[in-house]
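Please take a moment with the sequence and the model shown here, and then follow the paragraphs below, which go through some of the sheets and helices in turn.

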Amino acid sequence: MASYEDVLSLSVRRGFIWPAVDLYGGFAGFYDYGHNGVLLRRHWEDVWVESFLGLSDNYHLIDTTTILPEAALKASGHVDHFTDILVTCTRCGESYRGDQLLEAATHQEEEGLTAQEIDARIQELKIRCPNCKGVLGPSREFNMMFPVGIGPTGKDRAYLRPETAQGVFLNFKREFEALRRKLPMGLAIVGRAYRNEISPRQGAYRMREFLQAELQIFFDPATFGDALPFDAIASVPVRIAWAAEKDSSGALEIPAKDLVTRGLPSWYVWHLVQVQRFYLDTLRIPRDAFRLAELDDKERAFYNKIHFDIQVRQESLGGFKEVGGVHYRTDHDLKGHEAGSHAKQSVTVGATKLVPHVLELSFGVDRNVWALLDLSYAKGDRVVLRLPARVAPVPVAVFPLVNKDGIPERAEALWATLRKRIAAFYDDSGSIGRRYARIDEIGTPFSVTVDHETLEGKGVTVRERDSQKQFRVLEPELPNTLERLLSGEATFPA
Ligand code: GAP
C-alpha cells in the first residue's frame, strides 16, 4: 500500500511526474512529466488506442485546436452550465468548492447540490472556513473555463477547451463525409483540456491542465445494439456500484445480461465490459480495485443521459477515485451545434436520416498514470514498481556485472543488437545492486547481465523484477526470449 507521499517521492526521484514551476514556489493544479513519466504515459496511450480504436475499423484518431470560440461553447452548453459551486470565506477570502467542503465534514460524496442547498448544508453542519474559521458564504456558480482574448484587442472571446470532445463534434460532419458515410463511426482525440479548478488541492488528481483520451462513438440508437456481439459477453460479471451504494468501498458483480434486464441499453453494457477488460486484462488492475459507479440525475454531467464513472481504488488518494467515464450524450452536442451554427448535422445512412447519438468513452490520462503508479507501488525490503510490461517506461535493462575484463564492451555490443528489436536501456554506473534498485523503482520487468561466463560463451543472465529470480539464456536466443516474456507468451522459468 502506498501513501500519497510514497508515490510522489518515487515519482520525483525517478523522473515520472511532479508539481510544475517549483522554482517559483509552485503553480497549483499544474504538473510536469519527467523522462520516465512521458514514457509511461505514452505507453498507456498506445494501449488505450489499441484497445478502443481496435473495437471497430471505423474508429479513428483526429486532432483539433485547443482554443474554441465562445459561440461553439455556448452551443455545447459549457458557457451556461460548466460550473462548480464556489464558496468564499468572508474573512480571509479563501475559495473552496462547495461539495468538497461538505465532503470534508461528512466523509461522503456530496455531488450535484445547488448553491442554495450547499448554503443550507453549511449552516446545518456549522462549517467554518478551514483556513481561518471565518464565516463562509454565500455560494455561487463559478464557470470553470479559462477565458482567452483573441487578437490584439482581445475582443473576440474564446476559451481553452474544457474537454477534447467538442473538437470531435465540430468535425463530425467533415469526417463523416471523408470516411465511409457509415455508422457507427468513432472519432478520438488524445489531447489537453483545461479547467480553472477552484481548489486543486488533491495533487495530480485535480489539475488545471490535463490530458484526456476520449472516443466519441456516433451511432443510430435504433440499430447499434443489434450490430454488437452481445451474446459473447452476456454472462461476464461486471463490477458495478449503483448510485445509491457508491459510498461503500466495494462493488457488486452483476452479469452483463442482468444489467440489460435492469434497463441499461445492451450497447451501453457491451462497452462497460470492454472498459472493464481494458483495466483488468490489459492493465492488470486487481479486480477488487476496479468498479463502474453509476451517477444519478443530480450527479450526472449536464450533457449525459446515462453516466457511469470508471473508478480505481488508490490508497494514495484515499479509496475509489474516478479515472474516466462512460457517457451516453444522446444527440445533445450535435443538436446544440446545429442550433448554434445553423449547419445541419443530420446524415443519411441507408433509408434513415438522423442526427446520430453519441456514446463517449472518456479517460483522464494523468489520473490513469497516477493510478498505475499507486497500484504498482510495492514496498518491502526494496521499492518495486510492479508495472505491467506493456506500459513500463523501459522494458529491458542491460548491465555489465563489473566494469573490467572486457565485460562492459561485450555488454554494450549486446545492447546495440538488442536495441534493434526492444527499447532496451544500458547502465554501467554504480554497483550492480544499485542498478537493480534503480530499474526496480521504474518498473523495468527484465534485466540482462553480462558476466565472466558470457565471455566463455555460456550466455547471459535474465533477472525478473518481482521475484528477483534469474536464469541463463544463450545470446542468440535472447531477443526472442525477451519478446516472448514481454508479450506474456512465455512465463519466467520457475
Ligand atoms: N468529455 C467528457 C468529460 O470531459 P469529465 O468527467 O468531466 O467528462 C473526463 O472528464 C475525465 O477527465 C475524468 O474522468 C477524469 O479522468 C479527467 N479529468 C477531469 N477533470 C480533471 C482534472 N481537473 N484533472 C485531471 N483529470 C481530470
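**Sheets and packed helices**

Strands S6, S5 and S7 form, in that order, an open sheet of three strands with antiparallel pairing, where helices (H or I, at least four residues) and strands (E, at least two) are DSSP runs numbered from the N terminus, and two strands pair if DSSP finds at least two bridges between them. Strand S6 (95-97) and strand S7 (140-143) stand at the edges with a single partner strand each, so one side of each is left without a neighbour in the sheet. From one strand to the next the twist averages 50°; here axes are lines fitted to C-alpha atoms, for helices over the stretch in contact, and angles run from 0 to 180 degrees between N-to-C directions.

This is a predicted model, in which local features need pLDDT of at least 70 and side-chain atom pairs count only at pLDDT 80 or more, while totals for chains, interfaces and linings use all residues. Residues are numbered from 1 along each chain as its sequence is written, and side-chain values use heavy atoms, with hydrogens and water left out.

Within this sheet, strand S5 (residues 83-88) pairs with S7 in the antiparallel sense over four bridges, and the bridge partner of Asp84 in S7 is Phe142. Helix H5 (residues 98-106) lies across S5 and S6 and runs at about 75° to S6.

The next group of elements begins with helix H1 (residues 4-13), whose buried residues are Tyr4, Val7, Leu10 and Ser11; buried means under 20% relative accessible area, exposed over 50%, and partly exposed in between, with a 1.4 Å probe and protein chains only. H1 is followed by Gly15, whose phi is positive, near 75°.

H1 and H11 pack at an angle of about 105°, with their axes 10 Å apart, and they are therefore roughly perpendicular to each other; angles under 35 degrees count as roughly parallel, over 145 as roughly antiparallel, 65 to 115 as roughly perpendicular and the rest as oblique. In this contact, Tyr4, Val7, Leu8 and Ser11 of H1 meet Trp370, Leu373 and Asp374 of H11.

Helix H2 (residues 35-52) also packs on H11: the two axes come within 10 Å and cross at roughly 110°, and H2 and H11 are therefore roughly perpendicular to each other. The contact is made by Leu40, Arg41, Trp44 and Glu45 of H2 together with Val365, Asn368, Val369, Leu372 and Leu373 of H11.

A further open sheet has five strands in the order S23-S22-S24-S25-S26, with mixed pairing. Its edge strands are strand S23 (424-426) and strand S26 (470-473), each of which pairs on one side only, and the twist averages 25° from one strand to the next. Strand S25 (residues 460-464) pairs with S26 in the antiparallel sense over four bridges, and Val462 stands opposite Phe471 in S26. Helix H12 (residues 407-418) packs on this sheet, touching strand S22 (396-400), S23, strand S24 (446-450) and S25, and its direction makes about 160° with that of S22. Helix H15 (residues 478-487) lies across S22, S24, S25 and S26, running at about 160° to S24.

Technical notes: Contact means heavy atoms within 4.5 Å.
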